[in-house]
Amino acid sequence: MNIQIESGWKDALASEFSKPYFTQLINFVKSEYQQYTCYPKGSNIFAAFDSCPLDKLKVVIIGQDPYHGIGQANGLCFSVHDGITHPPSLINIFKEQEIDLKKPYPISGDLSHWAKQGVLLINATLTVKAHQAASHQKQGWETFTDAVIKEISNKKENIVFLLWGGYAKNKGKLIDVTKHHILTSGHPSPLSANRGYWFGNKHFSKTNAYLELKGLKPIEW
């Protein structure tokens, strides 16, 4: 199957693209996009990979589902296009960044500048039907993104995995902790953050401290 995706990822994931489940998944996604409004737009489904080439990878952030509101999802987890109102989880991410790094709250909610520096912003499910959260779960995307995490764990080293919330933390079992660095906390959603499980995790400064320890350039968050 000829999937349009950044060449490094395409080579690394070639065996996954040829599996029967992936063919079924793509047929499902094509059918959904033809019949309904779905997000992100088709050209952005693999934006997380296209924006963060495999050979530049330093950090992985795992979301669950794309935003399902009009104009929100841009293919990078937690990110929105310029000019789009920041969703609650993104607001809390930026608030923690303010606290942790003493940086001003950003105007733009577009996180592509993180991706270009080596931050893979991947949702476990890469597509969604408009206004219907979780509508494309359990169709094969999770199998694919789990394979991505395993591939990163097996083939790379010194990657920082930021696992926010219970869903992301469950992905920890796919990661070789002898080769990589895992940071966990509550989810940045208001429900978790307001209970004290998010703010103060200092994941941005901790990530950079680890990268510098390994002789790697820190991320300009």
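I take helix axes as lines fitted to C-alpha atoms over the stretch in contact, with angles between N-to-C directions running from 0 to 180 degrees. The model I am reading is predicted.

**Entry: α5 and α10**

I looked up how helix α5 (residues 88-101) meets helix α10 (residues 203-213): their axes come within 8 Å and cross at roughly 60 degrees. An angle from 65 to 115 degrees would count as roughly perpendicular; α5 and α10 are therefore oblique to each other. On the α5 side I listed Ile-93, Glu-96, Gln-97, Asp-100 and Leu-101, and on the α10 side His-203, Phe-204 and Ser-205. I sorted the residues of this contact into three nonpolar, three polar and two charged.

**Entry: the core**

I then went to the largest nonpolar core, which has 65 residues. Phe-49, Leu-120 and Phe-144 have the most contacts inside it. Helix α3 (residues 20-35) gives the most to this core, with six residues. I followed Leu-120 beyond its neighbours within four places in sequence and found it in contact with Trp-9, Ala-48, Phe-49, Cys-52, Leu-57, Val-59, Val-60, Ile-61, Val-148 and Ile-152.

**Entry: α7**

I checked helix α7 (residues 141-155) for length: its 15 residues reach 21 Å from first C-alpha to last, close to the 21 Å expected.

I placed Tyr-39 in strand β1 (residues 38-39). Its relative accessible area is 14%, under the 20% limit, so I count Tyr-39 as buried. Pro-66 is 27 residues away from Tyr-39 in sequence, yet the two are 7.1 Å apart in space, C-alpha to C-alpha. Leaving aside neighbours within four places in sequence, the contacts of Tyr-39 include Tyr-33, Pro-66, Tyr-67, His-68, Leu-126 and Val-128.

I read the peptide bond from Tyr-39 to Pro-40 as cis, with omega near -10 degrees. Pro-40 itself is in the loop between β1 and α4 (47-51).

**Entry: positive phi**

Most residues other than glycine have a negative phi, and I looked for exceptions. Ala-134 has a positive phi of about 65 degrees and is in the loop between β4 (128-129) and α7. At 34% relative accessibility, I count Ala-134 as partly exposed. Asn-158 also has a positive phi, of about 60 degrees; I found Asn-158 in the loop between α7 and β5 (160-164).

How values were computed:
Residues numbered from 1 in each chain as written. Predicted model: local features only at pLDDT ≥ 70, side-chain atom pairs only at ≥ 80, totals over all residues. Heavy atoms only, no water. Core = buried A, V, L, I, M, F, W, Y, C linked by side-chain atoms within 4.5 Å. Buried < 20%, exposed > 50% of the residue type's maximum accessible area, 1.4 Å probe, protein only. Helix = DSSP H or I, 4+ residues; strand = E, 2+ residues; numbered from the N terminus. Contact = heavy atoms within 4.5 Å. Parallel < 35°, antiparallel > 145°, perpendicular 65-115°, else oblique. Nonpolar A, V, L, I, M, F, W, Y, C, P; charged D, E, K, R; others polar. Expected span 1.5 Å × (residues − 1).
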